[in-house]
Amino acid sequence: MNIIELNNKQINSTDNKQSKIYAQFGELLNELRKREAPENIEKSVNDFVDEINSSTLTGNQLTKLITQKQTSLLKQIEKELKVVPKNYYRNLWMLFGFTGIGLPIGVAFGLSIGNIGLLGIGLPIGMAIGLAIGASLDKKALTQGRQLNIEIKN
């Protein structure tokens, strides 16, 4: 991919979170440069980088802008290219397992015992199931070469 470089803005050295997010976005761009992609994805990525480079925002507003652009970029490449960062599916399925699997298990268990206070028992069970499903999907993406060599931490 022919992606524009991210300008080295004057990041506040005392704001560790901002510098980490800025560096993470730069690493994501480097990973995307290693891959072939359609022209529309390349144009979209370059538009995001141009918007960040031309931004006059500072502090928390700049951090928020970078995070928003990174999230939209990741959604777009996942949707169109089926390329995901490390542990993408694990994080996604952990949340789904917690709420979509664990909560119904906990409700069923609580109602069967007659004490709805036991609702929380199903949550860790669902989370573990979600982690297992997500980890297997991440492994599958790695073997198919659809995984970026970067882990996105928010």
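**A helix and its surroundings**

Ala-23 counts as partly exposed because its relative accessibility is 39%, where buried means under 20% relative accessible area, exposed means over 50% and partly exposed lies in between, computed with a 1.4 Å probe and protein chains only. The model is a predicted one, in which local features need pLDDT of at least 70 and side-chain atom pairs count only at pLDDT 80 or more, whereas totals for chains, interfaces and linings use all residues. Residues are numbered from 1 along each chain as its sequence is written, and side-chain values use heavy atoms, with hydrogens and water left out.

Ala-23 belongs to helix H1, which covers residues 16-33; helices (H or I, at least four residues) and strands (E, at least two) are DSSP runs numbered from the N terminus. The C-alpha atom of Ala-23 is separated by 9.7 Å from that of Leu-6, which is 17 residues away along the chain. For H1 as a whole, the 18 residues should span 26 Å at 1.5 Å a residue, and the end C-alpha atoms are 26 Å apart, which agrees; the expected span is 1.5 Å times one less than the number of residues.

The buried residues of H1 are Gln-18, Ile-21, Tyr-22, Gln-24, Phe-25, Gly-26, Leu-28, Leu-29, Glu-31, Leu-32 and Arg-33. An α-helix has 3.6 residues a turn, so residues three or four places apart point the same way. The partners against which the buried residues of H1 pack are H2, H3 and strand E2 (147-151), with contact meaning heavy atoms within 4.5 Å.

Of these partners, H3 packs against H1 at an angle of about 30°, the two axes being 10 Å apart; axes are lines fitted to C-alpha atoms, for helices over the stretch in contact, and angles run from 0 to 180 degrees between N-to-C directions. This angle makes H1 roughly parallel to H3, since angles under 35 degrees count as roughly parallel, over 145 as roughly antiparallel, 65 to 115 as roughly perpendicular and the rest as oblique. On the H1 side the contact involves residues including Ile-21, Phe-25, Leu-28 and Leu-32, and on the H3 side residues including Leu-62, Ile-66, Leu-73 and Ile-77. The H1 and H3 crossing is left-handed; a crossing is left-handed if the near helix is turned anticlockwise from the far one by less than a right angle, and right-handed if clockwise.

H3 also meets helix H2 (residues 39-54), the two axes coming within 10 Å and crossing at roughly 175°, and H2 and H3 are therefore roughly antiparallel to each other. Among the residues making this contact are Ile-41, Val-45, Phe-48 and Ile-52 of H2, together with Leu-65, Ile-66, Leu-73 and Leu-81 of H3. Within H2 lies Asn-53, which counts as buried because its relative accessibility is 16%.

Lys-82 is partly exposed, with a relative accessible area of 43%. Asn-87, in turn, is placed in the loop between E1 and H4 and has a positive phi near 60°, again in a residue other than glycine.

H4 takes in residues 88-113, and its 26 residues should span 38 Å at 1.5 Å a residue, which agrees with the 36 Å between its end C-alpha atoms. A kink of about 35° is found at Gly-102, shortly before the proline Pro-104; the bend at a residue is the angle between axes fitted to the seven residues ending there and the seven starting there. In H4 the buried residues are Tyr-89, Gly-97, Ile-101, Gly-102, Gly-106 and Gly-110, and these pack against helix H3 (59-81), strand E1 (84-86) and helix H5 (122-143). H4 and H5 have axes 6 Å apart and pack at an angle of about 150°, so they are roughly antiparallel to each other, and their crossing is right-handed. Leu-111 of H4 counts as exposed because its relative accessibility is 60%, and just after H4 comes Gly-114, with a positive phi of about 95°.
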